[in-house]
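Let us take a friendly walk through a protein model, from its surface to its inside. Keep the structure in view as you read, and look up each residue as it comes along.

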Amino acid sequence: MESMLNKLKSTVTKVTADVTSAVMGNPVTREFEVGRHIASGGPGMCWRIYNGTKKSTKQEVAVFVFDKKMIDKYQKFEKDQIIDSLKKGVTQLTRLRHPRLLTVQHPLEESRDCLAFCTEPVFASLSNVLGQWDNLPSPVPNDIKEYKLYDVETKYGLLQMSEGLSFLHSGVKMVHGNLCPENIILNKSGAWKIMGFDFSISSINSSDAEPKYTCKEWEPNLPPLCLPNPEYLAPEYILSVSCDAASDMYSLGVVMHAIFNEGKPVFQVNKHDIFKSFSRQLDQLSSISPTVLNKIPEAVREHVKMLLSVTPNVRPDADQMTKIPFFDDVGAITLQYFDSLFQRDNLQKSQFYKGLPKVLPKLPKRVVVYRILPALTSEFVNPDMVPFVLPNVLLIAEECTKEEYIRLILPDLSPVFKQQEPIQILLIFLQKMDLLLTKTPPEEIKNSVLPMVYRALEAPSVQIQELCLNIIPTFANLIDYPSMKNSLIPRIKSACLQTSSLAVRVNSLVCLGKILEYLDKWYVIDEILPFLQQIPSREPAVLMGILGIYKCTFSHKKLGIPKEHLASKSLPHLVSLSIDNNLNLNQFNSFMVVIRDMLGRMEAEHKTKLEQLHIMQEQQSTGVNGKENGSVTAGAASQPNRMSLTLEEKQRLAKEQEQAAKLRNQQPLAPQTIRPASTANSQAKDLTSSLLNNITSLNSLSLANTARPAPVQGATIAAFPASSPMVSNGFNPPMGFQTGGMGMGMRPPGGGLYGGMATTTSTPNFGALTQNHVSVGQTNKAPNMAALDSLFTPSKPKVSLNQMGPTAAPGTNTPWLNQYGSAQTAQTQLQGVSAVMPPTQGEPSLKQHGSVTHFCEFGSGAFPLFFFCHTTTRASVIGSVFTCRSTRTVIIDFNAKRM
């Protein structure tokens, strides 16, 4: 790899050194930049041809350089002869101006080391193309090595040579004297040009007289560069030392033979014994063998044979050769017409350009690209001809690669993109828009191509707008999405709304319908569908166009219309349009078909969504219950939605799932066992005095003076003994507790004092119960009821469960216990009351709430009932206060067991 790089480096260095040394110091380099060595030509292939550019204008040129080192082996006078011969040829070429002669851009310049002059851009000499690679760079360029002449190139090249000779012979009265492949140059576009006038001979007569030419005798001792190529010379040059125009025609015949025989002339000449060779050649030409000309096309074989005739008068002249049938080829005639376009008027040009598309497919691509295309693009400066030239240029562009299009065509097309007149230019570009968008670079599309489309949509001509709207769908897939969304669609909408032409409005809707598939779903919903409601006209064609857009959007797999939009916007709009009086029956039916389809899909989607929501809610409910019961299974997992939900629905479902998760994670309520404090360590607080004080304040109400009904017979319970202190209720200080009141009878005895079910006609009496089961015979002691103050004073701290009942000293006896018996009986009575006793009308039942001590009020008016309880899993009644409405009797129970 390194050796290859070194070899390449040395080659480049050598070439650069050759170029530098060849033209160093030559005045040509002041105005022209010399490039690489590309070809060779001229007498003896002595001229090296380089490509170059003019520094001031960047115009491309070819630089011909003769290196004087090539003639260092000659004597000084021989060098001078060679230099003078070369100078004469270039000077004569510079003086002559004709399309068939090589055009000189800068005259010959001489320096100490070289001769140099500049011409039009050149590809190579005909000799290089035919395989003679003398004085070419090493390695030989591939474009020369692989170059093959097409038939049309050969025919037209020979025709050009004939025309060039006709100009010299008839116009200038000059004989070229050395016509050979070395002196025929192919320029960059492929045209054949004549050079090498080193041995040209001008007529010695006046212009009006018959031309007469004087010929020099052949001098074999002169250097080869001072002599013409003998293999292409007519026999009379050597044998009779005479020449005329027919001598050049003989040379043309030999050139034609060489072209069809791989560059070989008719005869090989021994340059050391040239006279003998020509004498032998003369005999052979007198009876030329058919095998010599067998490779020449039959259509021109006879003409070549005539050109090679020994007798000059038999040879056709140049003007006659231009008219032979061999050159009546469509391609050759086309190329010939291009070369004479400058002589034609616009009408003739337009007729020619109209027929050109039929000819172009028959021509080789190289000929079309390098010969015809430059001639076509040169007409872009004439606006009247652009509509005739442009279709042919775009036809050539279709056959070019993208690289060739960018390099050869686009630079000339860019100014035409901006031309607005004549209007046909815009129409032609619109018809070929797919080609432009495919091969034009994105930046150029954005800057030149799409603005042309926008101008067409905004054009005042209805025909232009219609054509543009009809063509846009054909290349919509090639337009980038931002340009379509931000520039193209708004202009289509504007054209639809602002135009007064029904055709433009309908075509706008049709265009939008065709390009919907290239748009985003939400852009269609947000921009296109609302735009349909802004269209003011109600012609049937417009209404059907609107329906078509709705239908395309609704039925397209990529797009679709959400059910919310269907229900709120699309369907109301379509329904209002469907009853328009301008619609006929078929059009109305078309509306109804679409409306039914939309309704059906909306119904199905919404029903499916509701079913899914219902299933999810049931699954969530089942999951919560299963978690609480400990029986949630893996099969209870909710199934995934079969349809998409809106954001609001998803938010609601997320909240429901979050609440369900909280319920599942919540700990179940468990009963808390509270151990009663031991009697020895805790002292229950006596609440009797506080309760009596509060009852006294209650009895001071207006009901204190109301009459109390007499107790029912047998309804009085044994009162406290006289020896015990009496409890005052605020009315009669010495008062016993009575159970009857308000017309209620005494509960029948049996089953224990409080063991029976309470009824609406009986009110049970509660005996005094003590937590420590104090015996009846103990000493009476006034109970301390200050602990009950918290029942009526919420701000005071609550009393614990074990402190709610009074604790009597051992051995003491109280009238409460003597009056109501043992604690066990009282417990049984309390259980009956709390468990089964229903409340009277207007009195709330016993309330239970978890783990909190409550004070509940029963009854109404001035005689409320109070119930003080603490509940866990089962209610524990610690203290109960009941006030009987009939007798205002207060019964206090401080010692009730857990129920």
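Phe 588 is partly exposed, with 31% relative accessible area; here buried means under 20% relative accessible area, exposed over 50%, and partly exposed in between (1.4 Å probe, protein chains only). Its place is in helix H26, residues 585–629. Helices (H or I, at least four residues) and strands (E, at least two) are DSSP runs, numbered from the N terminus. Together with Ile 579 and Leu 585, Phe 588 makes a nonpolar surface patch of about 320 Å². Patches are made of residues with over 30% relative accessible area and no salt bridge, with like charges joined within 9 Å and nonpolar side chains (Val, Leu, Ile, Met, Phe, Trp, Tyr) within 5 Å.

A word on how to read all this: the model is predicted, so local features need pLDDT of at least 70 and side-chain atom pairs count only at pLDDT 80 or more, while totals for chains, interfaces and linings use all residues. Residues are numbered from 1 along each chain as its sequence is written, and side-chain values use heavy atoms, with hydrogens and water left out.

**The whole protein**

The protein has 899 residues, of which 48% count as buried. It holds 31 helices and 14 strands. Take the contacts (heavy atoms within 4.5 Å) between residues at least 6 apart in sequence: 66% of them join residues at least 24 apart.

**The inside**

In soluble globular proteins, nonpolar side chains tend to be buried together. A nonpolar core is a set of buried Ala, Val, Leu, Ile, Met, Phe, Trp, Tyr and Cys residues joined through side-chain atoms within 4.5 Å. Which members of the largest core touch the most other members? They are Phe 66, Ile 372, Leu 413 and Phe 429, out of 190 residues in that core. Helix H8 (residues 245–260) gives the most to this core, with nine residues. Because domain 1 (4–327) and domain 2 (521–614) both give residues to the core, it lies between them; the domain bounds come from an automatic or database domain assignment.

Leaving aside neighbours within four places in sequence, Leu 413 is in contact with residues including Phe 380, Leu 390, Tyr 405 and Phe 429. A second, separate core has 11 residues, among them Val 23, Val 28, Cys 114 and Ala 116.

Thr 553, in helix H24 (residues 540–555), is buried with a relative accessible area of 0%. Beyond its neighbours within four places in sequence, Thr 553 is in contact with Leu 516, Val 524, Leu 529, Leu 559, Gly 560 and Ile 561.

**Charged pairs**

The structure holds 23 salt bridges, each a side-chain nitrogen of Lys or Arg within 4 Å of a carboxyl oxygen of Asp or Glu. Three of them are listed here.

| Salt bridge | N to O distance |
|---|---|
| Arg 100 and Glu 163 | 2.6 Å |
| Arg 112 and Asp 113 | 3.7 Å |
| Lys 432 and Glu 398 | 2.7 Å |

Arg 100 lies in the loop between helix H3 (76–95) and strand S4 (104–110) and Glu 163 in helix H6 (residues 151–172), so this pair ties together parts 63 residues apart in sequence. Is Arg 100 buried or exposed? At 5% relative accessibility, Arg 100 counts as buried, and Glu 163 is buried too, at 15%. Both belong to a network of salt bridges that links Arg 100, Glu 163, Asp 339 and Arg 371. In the second pair, Arg 112 is exposed at 74%, whereas Asp 113 is partly exposed at 25%.

**Backbone details**

Most residues other than glycine have a negative phi, and most peptide bonds are trans. A cis peptide bond joins Ser 138 and Pro 139, with omega about 0°. Pro 139 lies in the loop between helix H4 (126–129) and helix H5 (142–145), and Asn 135 has its place in the loop between H4 and H5. The phi of Asn 135 is positive, near 60°. Glu 262 also has a positive phi, of about 60°, and is exposed at 62% relative accessible area. Its place is in the loop between H8 and helix H9 (274–286).

How values were computed:
Areas by Shrake-Rupley, 256 points an atom, 1.4 Å probe, with all protein chains shown as cover.
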